[in-house]
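Q: Hi! I'm new to this one, could you walk me through it?

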Amino acid sequence: MRFFALPAAIKFFSSCMRAEPATADLEVTLETADGLSVPADIYLPKGTVFGTIFSIHGMTPEAWRDPRLTAVNRAFAKIGFRTISPYVDSIANLRIRTSQVDEVAKLVEASLDQVAGVEPFGVFSVSFSGAITLLACARQELASRISGILALGTFADPERCFEYLFDSDDDYGRMIGLANSYEFQYFDNHPIAKGLYRAALDNFYEDLPNEIDQYVSTLESSQVALLHSLLYDPQVRRHTWAKHQPKATELLKSLTVDTELLRPIAGRITLIHG
């Protein structure tokens, strides 16, 4: 896609910084090739349409309606780009799954076929969704149809990101990583994983009543002690990760973005670190 001219860039950034919440112009349903119906929001330019942008949310419970993303989507529309932003249930529920690559690929394809015009088609993704989206767009059926990709804070090497999160100050990301590692090792909705997901939500929604307090009342005392240690003791987190890592590596390697995998993509790819 073409570089923004300076006036358009100023308009884009000023729109991103506005205080009022941005709302979509249309609420639609994308019909994927495998028969799924997925809600999506569309933001429309008021004048000339220069292209379409597929904008996918990161791991936030507010998903495609997260105010940070809606502001960017509205800003894209302000400078002439029809923007479509779908809801991805598993990502909104803070899960990491190999199936998400296929899911996002089908959403990109549905957006190309059902929303986009003949203009260039670009992709914008943030955080963990960046790696998922890059892998999806590299698929043979999509690669030649993508004019450009901008990925912000891409988790291109998930295993290294996990290693970093367990010792970082990113409480929200650390809880999500721990919760998923429990599900990789054992099973979905493992009691400890459920507690960690609730702790992540409490961290996200700081002004709402704590979900974790109510949940721990349903656990056995040994589970409560383990959950507390995982939240507050770095050594316990490290020991737990060492136990879970071999199995987690199998899944995370399949979500790692190798530059060779991206060569089929026709358009420019821009990665901006977090």
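Q: Great. What should I know about the numbers first?
A: This is a predicted model, where local features need pLDDT of at least 70, side-chain atom pairs count only at pLDDT 80 or more, and totals for chains, interfaces and linings use all residues. Residues are numbered from 1 along each chain as its sequence is written, and side-chain values use heavy atoms, with hydrogens and water left out.

Q: What is the mean pLDDT of the chain?
A: The mean is 90, and 92% of the residues reach 70 or more; pLDDT is the predictor's confidence in each residue, from 0 to 100.

Q: And where is confidence lowest, and where highest?
A: Helix 1 (residues 6–16) has the lowest, at a mean of 60, while strand 2 has the highest, at 98. Helices (H or I, at least four residues) and strands (E, at least two) are DSSP runs, numbered from the N terminus.

Q: Now the sheet. What is the strand order?
A: The order is 1-2-4-3-5-6-7, in an open sheet of 7 strands with mixed pairing. Two strands pair if DSSP finds at least two bridges between them.

Q: Which strands stand at the edges?
A: Strand 1 (26–31) and strand 7 (268–272) do; each has a single partner strand, so one side of each is left without a neighbour in the sheet. On average, neighbouring strands of this sheet are turned by 20° against each other, direction ignored.

Q: How many bridges join strand 6 to strand 7?
A: There are 5 bridges between strand 6 (residues 148–152) and strand 7, and these two run parallel. In one of these pairings, Leu152 has Ile272 in strand 7 as its bridge partner.

Q: Which strands does helix 5 lie across?
A: Helix 5 (residues 128–137) lies across strand 3, strand 5, strand 6 and strand 7, at about 150° to strand 5. Helix 4 (residues 99–114) lies across strands including strand 1, and runs at about 115° to strand 1. Axes are lines fitted to C-alpha atoms, for helices over the stretch in contact, and angles run from 0 to 180 degrees between N-to-C directions.

Q: Let's zoom in on Phe121. Is it buried or exposed?
A: Phe121 counts as buried, at 2% relative accessibility (buried means under 20% relative accessible area, exposed over 50%, partly exposed in between, with a 1.4 Å probe and protein chains only). Phe121 has its place in strand 5.

Q: What does Phe121 touch?
A: Not counting residues up to four places away in sequence, its contacts include Thr52, Phe54, Val108 and Leu112; contact means heavy atoms within 4.5 Å. Phe121 is also 5.8 Å from Ile53, C-alpha to C-alpha, though they are 68 residues apart in sequence.

Q: Which loop holds Leu94?
A: Leu94 is in the loop between helix 3 (89–92) and helix 4. Leu94 has a positive phi of about 70° although it is not a glycine, and at 2% relative accessibility it counts as buried.

Q: What about Ser127, where does it lie?
A: Ser127 lies in the loop between strand 5 and helix 5, with a positive phi of about 55° although it is not a glycine. Ser127 is partly exposed, with a relative accessible area of 28%.

Q: Last topic: how many disulfides are there?
A: The structure holds 0 disulfides, a disulfide being a pair of cysteine sulfur atoms within 2.5 Å. The sulfur of Cys137 is 19 Å from the closest cysteine sulfur, in Cys161, which is too far for a bond.
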